[in-house]
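Below are my notes, in numbered points, for you to read beside the model.

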Amino acid sequence: MRGKVVTDSLGKPRQLGKRLARGGEGEIFALQGRADVIVKWYYPEVLAKRGETLHRKVEAMRALRDTPITRDVCWPLIRVFDHERRWIGFAMYRARGVKMGFLAHALLYERHFPGLDRRQVVGYLLRFVEIVQQLHQAGICIGDYNLNNVFCVPGSDQVSLIDCDSYQLRVDGTFYPCPVGSPDMTPKEHQGKAFRDIVRTPRSEAFSLAIVLFKCLMLGRHPYDIVGGDDPVRNLRRGNFAYGRGQRSVPQGDWYALWQALPEALREHFAVTFTGGADDPGRRTTLAQWHEALSTYREALDRGESPRDITPGRAAGFGGRRVR
Amino acid sequence: MATYRLDRDSDLIDNPSPRCACMLVLDTSASMFGEPIRELNAGVQEFIAAIQEDEMAACSVELGVITAGGQVTEQLPFTTAMNISQCRQFTASGLTPLGAAMTLAMDRLEARTAAYRQAGVAYYQPWLVVISDGVPTDEWERVAARSRALAQQRKTVVIPVGVEEADLEALGAFSSRPAKRLEGLKFREFFLWLSASMSRVSASASTTEQVKLPPTDSWDSI
């Protein structure tokens, strides 16, 4: 059994609470007496293999802890050691809210976001784009885009990001890569390479971010889910986007109706980014352009010029069927 | 008869989650009579409950169950975990037609992945779990080669598990990885591991890469 007591850099012992999550690299624990703080404890085998590299990167991140970027991101704030004073991870603020993966899901969003409408979805996406823009301005890339690492607070437009120790950053001339990712969210030019060897750019980020936006506005559909086709990654490599102009190989059901309910400007951005932009990073919609298009959409929703229902024009919604 | 809530027509249309098909091929021959079959039943029930507790996994995992006990029975056709209301209890009797059971399992897996592609539903590598306490009593070598080939091509994750006096060599022939022996009757520990693995797979944003699985030391023996 692993000890449940950690110490801070002054050697003061702190009792850990419940284990909250198990990830690929470590575990997340509650901290007793501080409901707003959690501790990431890397697995012993991870520490044995690349503990020094991790420690250096987390220290470099900690150096930025007083900058505005850490406001909406669960940033490493405090060093954490085991009972023998070996570095084992860090403490950070706990994100509030619900995973964006539940927002972007036709069968789950209602349970987690009661009364959700398009105004709110677009509100979360605007916040998300703004947070990523702020990171980019500081030279930081997210790299590993994953809807389960974005938390949204139901009933507000608050968004925060977790799992940020994987971010790509450059501090004092040292480059720290983002060593993880998933092919389904990665642009073509970075496919088939080891993630730790990739240098993410604003253009590569814009592609992954567009997939996040698409999945949220399309209730969980991946832009490269295609009827009778290959897996999403093969379609992505070919720029084989089903929606675009006209309806080609769009999955059965109401997905095309959802697509048509989006404003033309947004559809155009998606179509360009996922077809020509798959091959040519320069053609991808930039974060500033996404922000503008989403803001325009939000204003139309605010003024009542665009329907706010998640599934417009269909009384029953998605088959009227919900999970129990 | 079983009372499954089958919503299979609309499910591939309305549910956008990438799928992880998980087929269980279970030896329910006479030698499993008594405590082994009771523990196996309990393990399967806990497996379903554990998957259903994880909403993402419940939308993603499609479970199928085929038993080999005297005859081959499809106990549960592929059903998304959130739509399974109950799974019947298995009884132990007869010989072990594992070859025929595996043939049916692989045919069903093939048909299911074809349906995914047809519907434009992304999917993770399907899982095929085979649990036996003996040796197949029918012709099995040909289907073992078919199953092994799929495992080698990384098209299917094949997990052979031997119980008590099982022939691990025969079971291992179904996969590219050696069969593991269940310690005692730790079916529940095995199925908890399986549900944790399914949770990890369905939480992954990646449908094409292999996911690092939890350690098996809670249930396997050396």
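**Notes on the two chains**

In chain B, α2(B) and α7(B) are roughly parallel to each other, where roughly parallel means an angle under 35 degrees, over 145 counts as roughly antiparallel, 65 to 115 as roughly perpendicular and the rest as oblique. Please keep in mind that this is a predicted model, in which local features need pLDDT of at least 70, side-chain atom pairs count only at pLDDT 80 or more, and totals for chains, interfaces and linings use all residues. Residues are numbered from 1 along each chain as its sequence is written, while chains are lettered from A and ligands numbered from 1 in the order in which they are written.

1. The α2/α7 pair of chain B. Helix α2 of chain B covers residues 35–53 and helix α7 of chain B residues 187–203; their axes lie 8 Å apart at an angle of about 25 degrees. Axes here are lines fitted to C-alpha atoms, for helices over the stretch in contact, and angles run from 0 to 180 degrees between N-to-C directions. Helices (H or I, at least four residues) and strands (E, at least two) are DSSP runs, numbered from the N terminus. The crossing of α2(B) past α7(B) is right-handed, that is, the near helix is turned clockwise from the far one by less than a right angle, with anticlockwise giving left-handed.

2. Who meets whom there. From α2(B), the residues taking part include Leu40(B), Val44(B), Phe47(B) and Ile51(B), and from α7(B) they include Phe187(B), Phe191(B), Leu194(B) and Met198(B). Two residues are in contact if their C-beta atoms, placed from the backbone, lie within 7 Å. The contact of α2(B) with α7(B) has twelve nonpolar, two polar and three charged residues. For these classes, Ala, Val, Leu, Ile, Met, Phe, Trp, Tyr, Cys and Pro count as nonpolar, Asp, Glu, Lys and Arg as charged, and the others, Gly among them, as polar.

3. The α4/α5 pair of chain B. α4(B) packs with helix α5 of chain B (residues 141–152) at about 35 degrees, the axes being 9 Å apart. Here the crossing is left-handed. Gly99(B), Met102(B), Thr103(B) and Met106(B) of α4(B) make the contact with Val143(B), Arg146(B) and Ser147(B) of α5(B). By class, that contact of α4(B) with α5(B) comes to three nonpolar, three polar and one charged.

4. Between the chains. Which elements of chain B give two or more residues to the side that touches chain A? The contact as a whole involves 24 residues of chain B and 32 residues of chain A. The elements in question are α1 (8–14), α3 (55–60) and α4 (98–119) of chain B. This side of chain B has ten nonpolar, nine polar and five charged residues.

5. Domains of chain A. The domain assignment, which is automatic or from a database, gives domain 1 (5–93) and domain 2 (98–302) in chain A. Their centres, taken over C-alpha atoms, are 28 Å apart. Domain 1 of chain A brings 13 residues to the contact and domain 2 of chain A brings 15. On the domain 1 side of chain A, ten residues are nonpolar, one is polar and two are charged.

6. The α4/α10 pair of chain A. Helix α4 (residues 118–137) and helix α10 (residues 287–302) of chain A pack at about 155 degrees with axes 9 Å apart, and are therefore roughly antiparallel. α4(A) passes α10(A) in a left-handed crossing. Among the residues in contact are Val122(A), Leu126(A) and Val129(A) of α4(A) and Trp290(A), Leu294(A) and Leu301(A) of α10(A). The class count is ten nonpolar, five polar and five charged.

7. Two loop residues to look at. Is Leu262(A) buried or exposed? Leu262(A), in the loop between α7 (255–260) and α8 (264–274) of chain A, is buried, with 21 other C-beta atoms within 10 Å. The term buried needs 20 or more such atoms, exposed 12 or fewer, and partly exposed lies in between, with C-beta atoms placed from the backbone. Beyond its neighbours within four places in sequence, Leu262(A) contacts Leu217(A) and Arg267(A). Arg85(A), in the loop between β5 (78–81) and β6 (87–93) of chain A, is exposed, with 10 such atoms within 10 Å; its phi is near 65 degrees, a positive value in a residue other than glycine.
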